[in-house]
Structures are given as C-alpha cells and as structure tokens.
Amino acid sequence: MQLFDIVFFVFAFMTVASAFIVVFSKNMIYSAFALLFTFFGVAGLYVLLQADFLAVTQILIYVGGILVLLLFGVMLTNKVINVELKGGSMNTIPALMLVAVVAGTLGGLFYSTWKGTPAPAATTLATTTKTLGEMLMTGYLLPFEIASVILLVALIGAAMFARKKSKPAQS
Amino acid sequence: MESFVTEIVAWLPHVGLSHFLIVSALLFALGIYGIATRRNAIMVLMGIELVLNAANINFIAFSHYGKNFDGQVAAIFVIILAAAEAAIALAIVLNIYHRFQTVNIDEVSTLKE
C-alpha cells in the first residue's frame with residue numbers, strides 16, 4: 001500500500017461518510033455542514049486525479065457559493081425560533097430498494113469493467129490551467145459562450161424571482 | 001464466493017480507476033436516496049448536488065486515466081450549471097415559502113390558489 005492509496009482511502013471515506021450524514025441526518029443544519037465535508041473530500045479526490053484547477057474551482061464555487069446559498073435557504077425558510085430545523089422523510093422503503101439496486105448495478109458494472117485499468121504513465125506534474133484555458137478558447141468556444149449567456153439569464157431570473165413584489169405605481 | 005472475496009481483498013489496496021468510479025457510484029446512490037425521500041425542498045437540492053458531484057468524479061477519473069482533457073472541460077461546465085441551478089432553485093423555493101409558508105414538497109401541490 002503506497003501513500004497514494006492511503007490518501008485515496010482517507011478522502012473516499014470522508015466523502016462517503018459525510019454524504020451518509022447529509023442524507024440521513026434529521027437536522028438540516030447538520031446536513032448542510034456535512035455537505036461541506038463531502039465537497040472537500042471530492043476536491044481531494046480531484047487533486048489525486050491531477051486536476052488541480054478543478055479542485056480549486058470546486059472549493060471556490062461549491063463551498064463558497066452553492067453551500068452558502070443552501071445555508072441561506074435553510075435559514076430563510078424555517079421559523080428558527082420555535083420550530084426545530086427538521087425535514088422528515090417519506091417513501092423510505094421503496095427508495096432504499098431502488099438505491100440498493102442502483103448502487104449494486106453501477107458498482108458491479110464499474111468493478112467488472114475497469115478493475116484492471118493500468119495507471120497512466122508517470123508524467124511530470126504540469127498545471128492543467130493553461131491547457132484548460134486553451135481548450136475553452138478553441139475547441140469549446142461555443143459551449144463556453146453559451147454557458148456565459150446561461151449564467152447571465154440565471155442571474156437576472158433569480159433576481160427577478162426573489163424580489164419582493166412591488167405594488168404597481170399609481171398613475 | 002471464497003474466490004470472489006479473495007479477489008476483492010487483492011483488488012482493494014491497489015487504487016485504480018475502478019476505485020474512483022465506485023466512490024462516485026456510492027455518492028450517486030446516496031444522492032438519489034436524498035432526492036427520493038426528503039420532504040424539504042432544500043434537502044432535495046442537496047441530493048442533487050451530490051449526484052452532480054458523483055458525475056464530476058466520473059468525468060475527471062476517466063479524463064485522468066484516459067489521458068484526455070475533454071473530461072475536465074465537461075466537469076467545468078457541470079460546475080457552471082450547478083451554480084446557475086442552485087441560484088434559480090433557491091429563488092423559486094423562497095417564492096414558494098412566501099406563498100405557502102412551507103417548503104415541504106408534498107404539501108405544495110396546487111398550481112394556483
């Protein structure tokens with residue numbers, strides 16, 4: 001067992017265990033904070049896969065943006081003072097069966113198909129940022145521009161949705 | 001059965017592509033469970049984030065073991081769309097809360113008051 005394997009198991013355990021807490025915790029605040037550890041664990045897995053730019057992006061956007069948004073959502077949509085922040089569950093038995101089937105199928109498929117994949121030849125650890133930037137500006141230019149338009153539309157749409165309804169001006 | 005167990009034990013310590021894929025499969029299944037069972041709309045959103053992260057791990061694992069950067073670019077687009085989706089969904093959830101005073105998705109079942 002090499003150092004790489006040990007680090008992988010640390011991050012994999014962190015990711016899956018905190019994802020368990022996210023899904024099964026009764027308290028929504030605990031779920032949100034467990035989601036923080038899931039995102040950090042996934043970022044660690046990205047580093048192990050030599051995707052340094054994506055690891056940093058994961059921390060910036062998921063932890064800094066999406067998780068804060070979700071926490072705002074938890075806080076704003078519950079009466080914090082007198083009601084405990086609880087979200088109940090429903091349909092647990094059929095969902096457990098469905099999930100067992102999905103996890104078994106996917107896991108078995110992945111294991112039987114790719115268990116012997118050779119590791120890529122050791123390369124010099126170059127940063128991926130330059131390559132990614134060049135790809136975004138050449139082969140992926142159209143999706144990149146469409147993504148920017150989508151972000152603009154999402155920005156305006158979210159601002160319009162969340163705004164308080166103002167009364168129409170008296171004329 | 002015995003041989004299968006010894007095979008697993010021999011496979012487990014040598015981390016390769018399949019290990020990453022199985023972590024992502026577990027994450028995906030947990031996310032699906034969260035989407036299917038939680039009553040609160042924000043918990044459903046957290047389940048969706050888990051599913052998107054599982055997909056991203058797959059993209060990057062195949063990108064690394066296949067010596068190809070296309071997977072990483074796809075992962076960037078997934079992250080962009082996740083950010084847009086979270087913002088829009090939170091705005092909708094806030095509107096639902098203002099109208100119905102609850103965000104439990106099984107109580108919000110009318111199109112119009």
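At what angle do α2(A) and α3(A) pack, and how far apart are their axes? The model is predicted, so that local features need pLDDT of at least 70 and side-chain atom pairs count only at pLDDT 80 or more, while totals for chains, interfaces and linings use all residues. Residues are numbered from 1 along each chain as its sequence is written, and chains are lettered from A and ligands numbered from 1 in the order in which they are written.

The two helices (DSSP runs of H or I, at least four residues, numbered from the N terminus) meet at about 170 degrees, and their axes are 9 Å apart. The axes are lines fitted to C-alpha atoms over the stretch in contact, with angles from 0 to 180 degrees between N-to-C directions. α2(A) and α3(A) are therefore roughly antiparallel, a term for angles over 145 degrees. Residues in contact (C-beta atoms, placed from the backbone, within 7 Å) include A:Leu35, A:Phe39 and A:Tyr46 of α2(A) and A:Ile59, A:Tyr62 and A:Leu70 of α3(A). By class, this contact has 19 nonpolar residues, 1 polar and 1 charged; Ala, Val, Leu, Ile, Met, Phe, Trp, Tyr, Cys and Pro count as nonpolar, Asp, Glu, Lys and Arg as charged, and the others, Gly among them, as polar.

Beyond four places in sequence, A:Leu45 touches A:Phe11, A:Thr15, B:Phe20, B:Val23 and B:Ile57. A:Thr15 belongs to helix α1 of chain A. A:Thr15 counts as buried because it has 28 C-beta neighbours inside 10 Å; the cut-off is 20 or more other C-beta atoms within 10 Å, with C-beta atoms placed from the backbone. Contacts of A:Thr15 outside four places in sequence include A:Thr38, A:Val42, B:Val23 and B:Leu27.

Between the chains, 62 residues of chain B are in contact with 67 residues of chain A. On the side of chain B that touches chain A, α2, α3 and α4 of chain B give two or more residues each, and α4(B) has the largest share, with 20 residues. This side of chain B comprises 46 nonpolar, 11 polar and 5 charged residues.

Definitions and conventions:
Contact = placed C-beta atoms within 7 Å. Buried ≥ 20, exposed ≤ 12 C-beta atoms within 10 Å, placed from the backbone. Parallel < 35°, antiparallel > 145°, perpendicular 65-115°, else oblique.
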